[in-house]
Each structure stands twice: as C-alpha cells, then as structure tokens.
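Dear colleague,

Please find below the sequence and structure that I am handing over to you. My findings follow after them.

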Amino acid sequence: MIVQLFVAVISTLAFAVLFHVPKQEYFYCAVNGGLGWMVYKLSLGCGFGVPVSSLWATLTLTLVARMLSALRKMPSTVFLLAGIFTLVPGSGVYYTAYYLIMNELSKSTAKGIETFKIAGAIVLGIIFGLALPQSWFNRLGRLTDKKGTSEKV
Amino acid sequence: MPKSKEQHNSKEILNLAVSMGEELLKNGGEIYRVQETVGRVMEAYGVRDYHVFVVTNGIFATVHEQGEDAGSMVRDVPLGDINLEKIAGINQLSREICQGSCSLKEAYRRLEQCKNASPMRDAFLVLACGVESAGFCFLLGGTPFDSIFSFLLGLLLQAFLVAGTKRNVSKFLLNILGSAWVTAGSLMLYGIGLDVQSDRIIIGGIIVLMPGVALVTGIRDSFNGDYLSGGIRLMDALLTGICIAVGVGAAVKVFQLLGGGALPI
C-alpha cells in the first residue's frame with residue numbers, strides 16, 4: 001500500500017511536469033494524485049466496484065483541488081488535471097480494442113461498457129465536487145489572504 | 001475601477017483583454033475562465049459596454065463607446081498543448097489588474113513575458129513520460145521488471161510525440177501511431193521470449209495519450225452551461241480514445257498475423 005501510494009505520487013508528479021504545472025505547485029499536485037489513488041484503493045478494498053471507487057476518488061480529488069486552489073491562489077485545474085490521470089480508464093480502452101481484434105465480441109462489449117461506466121463515474125465525481133458553492137472555499141482562501149477577494153474556481 | 005482619470009483607448013483595452021483570453025484558451029483554460037477574465041480586465045480599465053463570446057476554438061468581442069461601436073475583435077484559437085504555468089500566470093495578472101495595481105502598459109509587458117516564458121526542456125518531458133509509464137505499469141499490477149520496459153517505451157513514445165508535434169503531424173495520426181508503437185514494442189519483448197506481462201506495459205505506455213484533460217475540461221465547460229464548447233472537448237476525448245484503440249488493435253492484429261498467435265492476458 002505504501003509502495004503503491006509512493007508510485008502514484010511519482011506518476012502524478014510526472015504528469016505535472018508534462019502539463020507544465022508551475023514548479024512551486026508540484027508538491028501539492030503530487031499529493032493530490034496520491035490521495036486520489038489511495039481513496040480508490042481503499043474503496044476497492046471495502047468492496048465497492050471500480051466505477052463507484054472512481055467516483056469516490058474523483059470526488060475527493062476535485063474537493064481537495066478546490067481547497068488547494070483557494071489556499072494557493074491558483075486555478076483549480078492546476079491541481080485537478082494531473083491527479084485525475086491515475087483514474088482514467090486506460091486499461092479499459094486497451095482491453096476493449098484487444099478483445100475486438102481477437103473477435104471475442106461479448107468480452108469486448110463488456111469491457112467497452114465498463115470503460116464508459118468508469119468515464120461516467122469520473123464525470124459524476126467532478127460534477128458533485130464542483131456543485132458545492134464557491135463561498136465555502138473562499139472562506140478557506142481568506143486564511144492566506146486578508147483581503148478576501150472573491151476567487152475564480 | 002478606473003481610479004485614475006487617464007483615458008485609455010478602448011481598442012487597446014479590448015486588444016489586451018482578448019489577447020489574455022486567447023492565451024488562456026490556447027493553453028487549455030475553461031470557457032468560463034476565459035470569458036470572466038476578458039470581462040474583468042475590460043471592467044478594470046473602465047470599459048462597461050462590451051460583449052464577449054467564447055467557444056473552444058475562438059473568441060469574439062466588441063466594445064462600445066457612448067453607444068457607438070468602438071471596435072470588435074475575432075480570434076481563431078486552435079486547440080493547443082496544455083500549459084498550466086501560463087494559465088496560472090495569466091490568472092495572476094488578471095487578479096492584479098482587478099486590484100488596480102497594474103497600468104495598461106505594464107499589463108502588456110507582463111502578458112508578453114507570460115507568452116514567452118521559456119518552455120520546459122524536451123528532455124524533461126521525455127523523462128517525465130518515461131517515469132509516468134513505469135509508474136502506471138506498476139500501479140496496474142505490473143512487476144518492477146515490466147516497469148523498466150514500460151519506462152523505455154514511454155521515453156521513446158514522448159520523443160516521438162515531441163518530434164511529431166514539431167513537424168505538425170495531425171493529432172489523430174500521432175495517437176494512432178503512438179499507441180501502435182507502444183503495443184508493437186511491448187509485443188516484441190514478449191515475442192523474443194522475455195517473461196513480461198505485455199498488457200500491463202501497453203496500458204502504462206498509452207496512459208499518456210489518454211484524453212483525460214479533454215474529458216475534465218469538457219465536463220467543466222458543460223457544467224458551466226457552455227454546452228457547445230463542452231461538446232467539442234468531449235467529442236475530442238471520444239475520438240482520441242477511439243484512435244488509441246485503433247492503434248492498439250492494428251498492432252495486435254499485425255502481431256497475430258506474423259504468427260504470434262493468441263496473447264496472454
């Protein structure tokens with residue numbers, strides 16, 4: 001578990017580099033990615049399916065990204081984009097294509113639909129995360145900025 | 001908040017605001033962020049009567065002075081690479097403009113500075129891609145041994161992507177060739193008899209091609225009511241996913257025809 005967490009953090013860091021995240025935010029990005037992966041793994045361990053686990057993980061990622069965005073005065077996209085990649089269903093796309101080529105159509109369809117389910121769960125996770133009112137997060141932002149200017153998400 | 005009485009040319013303000021918006025949009029900003037930034041910058045310099053319309057690949061804006069048309073601007077913004085550093089920079093600039101601590105001239109200078117920020121060296125990007133491939137290979141159940149090969153394939157993939165982007169190869173072709181290349185490399189390792197889980201290596205390698213950014217931005221745009229722009233992004237995500245599947249499928253098929261037989265899963 002510790003090793004997994006460590007690898008997830010490193011992978012997210014690599015993505016932060018690929019997306020040209022400002023250097024001073026690398027650390028927060030990576031921590032957010034590791035957190036997402038941990039929630040995903042814990043949720044799987046509790047017996048939830050892959051789509052539901054993805055939902056929990058993206059929800060966590062989005063909320064933490066918004067908190068960080070308020071605290072660090074950065075667009076929340078900065079923290080969200082790199083972190084979300086640990087959850088994107090890359091294996092689903094691969095297996096769907098693979099079974100299709102191998103002419104195992106029922107397996108291919110099953111994998112394809114599962115991939116869409118995971119993508120849908122990620123969508124829902126982000127939407128739930130975004131639905132909370134910005135004013136809650138602005139209050140956090142005032143901890144680091146006395147003026148309390150209204151922030152963009 | 002026009003604190004000073006100095007009168008700016010509306011056209012200059014419009015140009016600044018739209019240029020900032022263009023920079024945001026080009027580097028992967030969401031629609032509402034672009035729209036809001038353009039609007040706030042204009043208002044900060046005292047322009048009240050304006051209209052801005054932003055879609056994923058274009059900005060349209062007009063300003064009026066005393067009810068008369070004082071200028072309009074259309075910018076075509078092709079979908080580009082993600083550069084969050086520039087987005088953060090523009091965001092900071094717009095915040096300072098709104099606080100009234102940045103003159104128009106200063107703002108132009110800062111914008112140029114932001115535009116010309118030295119990009120990350122390619123070598124770093126290539127290395128990052130290798131690390132990321134190896135990491136995901138491991139996370140998805142690969143052994144450290146698999147990860148080593150995933151790392152090498154990831155390095156080569158990003159080198160290919162960087163070279164392809166510089167030569168303006170179409171994104172679709174890059175995705176198909178990139179995923180086919182990763183698959184072929186991994187299957188070759190399997191073919192020469194190494195004890196590797198080729199599927200884990202492939203998945204680790206293609207993660208970097210996955211349309212995660214387009215998916216997230218598409219959702220955010222749709223969530224804010226910009227259905228048109230969100231649709232463009234989501235369509236982009238779907239097509240990219242299909243391209244990756246095509247590339248993987250083609251490589252697997254060729255391997256099969258060459259006599260590799262069924263692969264282990």
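**Findings**

Chain A has seven helices and zero strands in its secondary structure, where helices (H or I, at least four residues) and strands (E, at least two) are DSSP runs, numbered from the N terminus. Along the sequence, its pattern is α-α-α-α-α-α-α. The C-alpha atoms of chain A fill a box of roughly 60 × 30 × 30 Å, taken along the principal axes.

Please note that this is a predicted model, in which local features need pLDDT of at least 70 and side-chain atom pairs count only at pLDDT 80 or more, while totals for chains, interfaces and linings use all residues. Residues are numbered from 1 along each chain as its sequence is written, and chains are lettered from A and ligands numbered from 1 in the order in which they are written.

**Chain B**

The secondary structure of chain B consists of 10 helices and three strands. From the N terminus on, these elements are arranged as α-α-β-β-β-α-α-α-α-α-α-α-α. Along the principal axes, the C-alpha atoms of chain B fill a box of roughly 80 × 30 × 30 Å. The radius of gyration of chain B is 23 Å, whereas a compact globule of 265 residues would have one near 18 Å; this radius is taken over C-alpha atoms, and the globule rule is 2.2 Å times the number of residues to the power 0.38.

Chain B is assigned domain 1 (10-115) and domain 2 (122-260), with bounds that come from an automatic or database domain assignment. The centres of domain 1 and domain 2 of chain B, taken over C-alpha atoms, are separated by 34 Å. Seven residues from domain 1 of chain B and 10 residues from domain 2 of chain B form the contact (C-beta atoms, placed from the backbone, within 7 Å). On the side of domain 1 of chain B that touches domain 2 of chain B, four residues are nonpolar, two polar and one charged. Here Ala, Val, Leu, Ile, Met, Phe, Trp, Tyr, Cys and Pro count as nonpolar, Asp, Glu, Lys and Arg as charged, and the others, Gly among them, as polar.

**Helix packing within chain B**

Helix α1 (residues 10-26) and helix α4 (residues 104-115) of chain B pack at an angle of about 25°, their axes being 11 Å apart. Axes are lines fitted to C-alpha atoms, for helices over the stretch in contact, and angles run from 0 to 180 degrees between N-to-C directions. α1(B) and α4(B) are therefore roughly parallel to each other (angles under 35 degrees; over 145 counts as roughly antiparallel, 65 to 115 as roughly perpendicular and the rest as oblique). The contact of α1(B) with α4(B) comprises eight nonpolar, one polar and three charged residues. Among the residues of α1(B) that meet α4(B) are Ile13(B), Leu16(B) and Met20(B).

**Interface between the chains**

In the interface, 40 residues of chain A are in contact with 43 residues of chain B. The elements of chain A that give two or more residues to this side are α1 (2-18), α4 (77-84), α5 (90-101) and α6 (105-131). This side of chain A divides into 31 nonpolar residues, eight polar and one charged.

The axes of α5(A) and helix α8 (residues 198-206) of chain B cross at roughly 125° and come within 9 Å; α5(A) and α8(B) are therefore oblique to each other. Gly90(A), Ser91(A) and Tyr94(A) in α5(A) meet Asp199(B), Ile202(B), Ile203(B) and Ile206(B) in α8(B).

Kind regards

Terms used: Contact = placed C-beta atoms within 7 Å.
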